[in-house]
Structure formats: C-alpha cells, structure tokens
Amino acid sequence: MNFFQKEIKLQAFSRGFHLITSDILRALPELKQINVGQLQVFIKHTSASLTINENADPTVRLDFESHINKMVPENQDYYQHTYEGSDDMPAHIKASLMGTSVQIPITNGELNLGIWQGIYLCEHRNKASGRQLVLTAFGN
C-alpha cells in the first residue's frame with residue numbers, strides 16, 4: 001500500500017464558497033500511482049470548512065453563502081466570543097456545521113467524484129489569510 005501526505009497553503013480567498021479541486025490535484029500528482037484508494041483533505045482552521053457539491057454552476061456557491069448566512073447570522077447579542085470581529089463566532093459555527101474534512105475515493109489514479117461534484121473551500125471570514133490543508137492519499 002502507498003501513502004502520500006502533503007501540506008499545502010491555498011491562496012487567500014474572499015468570503016464564500018470556492019472550488020479547490022484543481023488546486024488539490026495540482027499539489028498531489030502522486031494520485032496517479034494509486035489504482036484503488038482514498039484521499040482525505042483536512043483543513044487546519046476553525047473558521048473555514050470543506051464540503052463537496054456542484055462544480056458547474058457558480059450560482060450554487062452563491063446560494064450556499066446566502067443560505068448559511070441566514071442560518072448563522074452575525075451580530076447576535078448572545079455571542080460572547082466577539083474579540084476578532086462580528087464574523088468570527090459565526091465562522092466557527094459554520095465551520096463546525098460544514099466540517100473540517102472530506103474523503104474521496106481514488107480509482108485508476110483519479111478522484112472518483114460524480115460528474116457535477118467538486119471540492120469546496122468554505123471561507124467564513126471577511127478577511128482571511130491563505131488556508132492550510134493536509135492531503136493524505138493512500139491505496140494500492
């Protein structure tokens with residue numbers, strides 16, 4: 001069994017949902033060496049998250065941002081963790097709701113995603129720096 005692990009830093013993205021599948025594939029050409037396996041992508045942050053969804057129509061990503069902001073609004077009087085701005089506590093909640101990792105099957109050296117699926121970076125802060133990802137691929 002082969003194991004490959006890399007840590008990468010993404011560029012800084014604006015608040016919203018961004019496709020990062022191509023960034024991951026570029027960073028991990030070793031995937032080609034795996035016929036059957038798994039890729040885990042883990043984000044090392046508490047105010048951004050990862051998910052898999054629509055990769056074709058960009059309005060899906062806009063609708064994700066609009067909806068999650070209604071689910072978890074800023075400036076709630078019950079938030080106590082407000083030292084880093086009005087977007088900070090909502091960003092933590094959104095990150096917990098969306099999750100810190102995704103796992104994708106690898107088949108014949110490629111990610112075995114559905115035809116309309118892509119990996120999203122869910123950036124929940126107004127002014128974030130580049131995010132760190134740990135990519136772990138394993139298989140035969």
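Among contacts in the protein chain (heavy atoms within 4.5 Å) between residues at least 6 apart in sequence, 84% join residues at least 24 apart. The model is a predicted one, in which local features need pLDDT of at least 70, side-chain atom pairs count only at pLDDT 80 or more, and totals for chains, interfaces and linings use all residues. Residues are numbered from 1 along each chain as its sequence is written, and side-chain values use heavy atoms, with hydrogens and water left out.

The chain holds three helices and eight strands, where helices (H or I, at least four residues) and strands (E, at least two) are DSSP runs numbered from the N terminus. Their order from the N terminus is β-β-α-β-β-α-α-β-β-β-β. The radius of gyration of the protein chain is 16 Å, close to the 14 Å that the globule rule gives for 140 residues, so the chain is as compact as a globular protein of that length. This radius is taken over C-alpha atoms, and the globule rule is 2.2 Å times the number of residues to the power 0.38. Along the principal axes, the C-alpha atoms fill a box of roughly 50 × 30 × 20 Å. The accessible surface is about 7600 Å², with 51% belonging to carbon and sulfur atoms; areas come from the Shrake-Rupley method with a 1.4 Å probe, and for residues only the protein chains shown count as cover. Of the 140 residues, 42% count as buried, buried meaning under 20% relative accessible area, exposed over 50%, and partly exposed in between (1.4 Å probe, protein chains only).

Five strands form an open sheet in the order E1-E8-E3-E5-E6, with antiparallel pairing. Strand E1 (2-9) and strand E6 (110-111) stand at the edges with a single partner strand each, so one side of each is left without a neighbour in the sheet. Two strands are taken as paired if DSSP finds at least two bridges between them.

Strand E3 (residues 36-43) pairs with strand E5 (residues 101-107) in the antiparallel sense over seven bridges. Within this pairing, Gln-40 has Gln-103 of E5 as its bridge partner, and Gln-38 has Pro-105. E3 also pairs with E8, again antiparallel and over seven bridges, with Ile-43 opposite Leu-133 of E8.

In a regular strand the side chains alternate between the two faces of the sheet. In E5, the covered face carries Val-102, Ile-104 and Ile-106, and the uncovered face Ser-101, Gln-103, Pro-105 and Thr-107.

E5 and E6 run antiparallel and are joined by two bridges, with Thr-107 opposite Glu-110 of E6. Their hairpin has two residues between the strands, and Asn-108 takes a positive phi near 50 degrees there.

Arg-125 lies in the loop between strand E7 (117-123) and strand E8 (132-139). Arg-125 counts as buried because its relative accessibility is 13%. Leaving aside residues up to four places away in sequence, Arg-125 touches Arg-15, Ser-47, Glu-84, Asp-87, Asp-88, Ala-91 and Arg-131. For Glu-84, the backbone oxygen lies 2.9 Å from a polar atom of the Arg-125 side chain.

Conventions
Polar contact = N/O pair within 3.5 Å; in protein donor to acceptor, adjacent residues only side chain to side chain.
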